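Here are my notes after a look through the model. Have the structure open while you read, and take the points in order.

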Amino acid sequence: DKVLAKISQFAHFNEKMLKARGIEQNQISSEYLPIDHQLTYSHILNIDGNTSSWDRIPWAMKSNSLLVALKSIHKQQNWYYSYIDKGIITELSEHDLLKYDVKEFDHFQNKQQQNFANELLTVSIQLKYFAEVLKKYNSIYNS
């Protein structure tokens, strides 16, 4: 009742593979929801997978919605984890998310996210970010 979340794109799985695992694809999937529709919600949930892409975090933080990350059960590192560690992005376990009172919208944290996103999205920071990504890519694939 509290969370509206569906998968809009499956990577490395097809309907037959999901069915073999007892999962009905049509029950957990939907068409992609455009960003302007996502922004009508007071909270935007970020879950590991393709939603964790580099561009989702900044626009969600810059919006009037509060970005909340679902705590992963997998040991992995993503570029935005340091924002969780610094308290800019709230991280909740699945259990805590279901207990979370959305009426207690954290306007202070929302403003903190917006201010941080304004800095993150400056041209100079974006150029530095992509330069580092390309250097890392080059070192991995061309060494």
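How many residues does helix 7 have, and how far does helix 7 reach from its first C-alpha to its last?

1. Helix 7 runs over residues 107–120, which makes 14 residues, and reaches 20 Å from its first C-alpha to its last. That is close to the 20 Å expected at 1.5 Å a residue. Keep in mind that this is a predicted model.

2. Now for what is tucked away. The buried residues of helix 7 are Gln109, Asn110, Gln113, Gln114, Ala117 and Leu120. They sit on the same side of helix 7, because they cover an arc of only 140° around the axis. As a reminder, an α-helix has 3.6 residues a turn, so residues three or four places apart point the same way.

3. What do those buried residues pack against? The partners of helix 7 are helix 4 (56–62), strand 2 (66–70), helix 5 (81–85), strand 3 (90–92) and helix 8 (123–141). The face turned away from the buried side of helix 7 carries the exposed residues His107, Phe108 and Glu119.

4. Have a look at the start of helix 7 too. There, a side-chain oxygen of Asp106 comes to within 3.3 Å of the backbone nitrogen of Phe108.

5. A word on confidence. The protein chain has an average pLDDT of 82, and 90% of the residues score at least 70. Among its elements, helix 1 (residues 15–20) has the highest mean pLDDT, at 91, while helix 5 has the lowest, at 74. Helix 5 is also one of the elements that the buried residues of helix 7 pack against.

6. On to the aromatics: the count comes to two aromatic pairs. One joins Tyr129 and Phe130, with ring centres 5.1 Å apart and planes at 75°, so this pair is edge-to-face. Tyr129 counts as partly exposed because its relative accessibility is 29%, and Phe130 counts as partly exposed at 32%.

7. Tyr137 and Tyr141 form a tilted aromatic pair, 4.7 Å centre to centre with 45° between the planes. These two tyrosines are four residues apart in helix 8, so about one helical turn separates them. Is Tyr141 buried or exposed? Tyr141 is exposed, with a relative accessible area of 56%.

8. Last, a serine in helix 8: Ser124. At 41% relative accessibility, Ser124 counts as partly exposed. Ser124 and Ser30 are 94 residues apart in sequence, and their C-alpha atoms are 37 Å apart in space.

Note on methods. Residues numbered from 1 in each chain as written. Predicted model: local features only at pLDDT ≥ 70, side-chain atom pairs only at ≥ 80, totals over all residues. Heavy atoms only, no water. Expected span 1.5 Å × (residues − 1). Buried < 20%, exposed > 50% of the residue type's maximum accessible area, 1.4 Å probe, protein only. Arc of directions from axis to C-beta. Contact = heavy atoms within 4.5 Å. Polar contact = N/O pair within 3.5 Å; in protein donor to acceptor, adjacent residues only side chain to side chain. pLDDT = per-residue confidence, 0-100. Phe/Tyr/Trp six-rings, centres within 6.5 Å; stacked < 30°, edge-to-face > 60°.
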